[in-house]
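This report describes helix packing and salt bridges in one structure. The sequence and the model are shown below.

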Amino acid sequence: MIAEVEFFTEIFEEFLGMENYFYGNELWKSHSIIKLMRASDEFEDQKIVEEGLKIIINLCRFKECGELLDSYELESQSLNELPETEKILLGSILKAEFT
């Protein structure tokens, strides 16, 4: 019987070791889902399959064209681009937090 921890460790290692080419992400996702389905009979808790699918799909969102992405960087913007009212609000939040 395969341990869930061993299975997911192997999946994560493959994800991190994936070469940086355009289709690598999709190939890894397909391969991992197939592997998960094949191993599903060996898992004691069948909820692991559902959680595993969520993990695989979410991991795919962290790579684009084979490069790891920073999800915070994608949605951030320069402080200089903020409207003046948001700059004032941000300044007051930072003052309250760090003083």
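This is a predicted model: local features need pLDDT of at least 70, side-chain atom pairs count only at pLDDT 80 or more; totals for chains, interfaces and linings use all residues.

E51 is partly exposed, its relative accessible area being 39%.

K54 also forms a salt bridge with E50, where the closest N and O atoms are 3.6 Å apart. E50 and K54 lie four residues apart in helix 3 (residues 47-60), again about one turn of the helix. The relative accessible area of E50 is 44%, so E50 counts as partly exposed; K54, at 40% relative accessibility, is likewise partly exposed.

## Packing of helices 1 and 2

Helix 1 (residues 4-17) and helix 2 (residues 24-39) have axes that come within 11 Å and cross at roughly 170°. The two helices are therefore roughly antiparallel, as angles over 145 degrees are classed in this way.

On the helix 1 side, the contact comprises F7, F8, E10, I11, E14 and F15; these meet N25, W28, H31, S32, K35, L36 and A39 of helix 2. By residue class, the contact contains seven nonpolar, three polar and three charged residues.

The whole structure holds four salt bridges. One of them pairs K35 with E10, with 2.2 Å between the closest N and O atoms. Because K35 lies in helix 2 and E10 in helix 1, this pair ties together parts that are 25 residues apart in sequence. E10 has a relative accessibility of 33% and is thus partly exposed.

Definitions and conventions: Residues are numbered from 1 along each chain as its sequence is written. Side-chain values use heavy atoms; hydrogens and water are left out. Axes are lines fitted to C-alpha atoms, for helices over the stretch in contact, and angles run from 0 to 180 degrees between N-to-C directions. Angles under 35 degrees count as roughly parallel, over 145 as roughly antiparallel, 65 to 115 as roughly perpendicular and the rest as oblique. Contact means heavy atoms within 4.5 Å. Ala, Val, Leu, Ile, Met, Phe, Trp, Tyr, Cys and Pro count as nonpolar, Asp, Glu, Lys and Arg as charged, and the others, Gly among them, as polar. A salt bridge is a side-chain nitrogen of Lys or Arg within 4 Å of a carboxyl oxygen of Asp or Glu. Buried means under 20% relative accessible area, exposed over 50%, partly exposed in between (1.4 Å probe, protein chains only).
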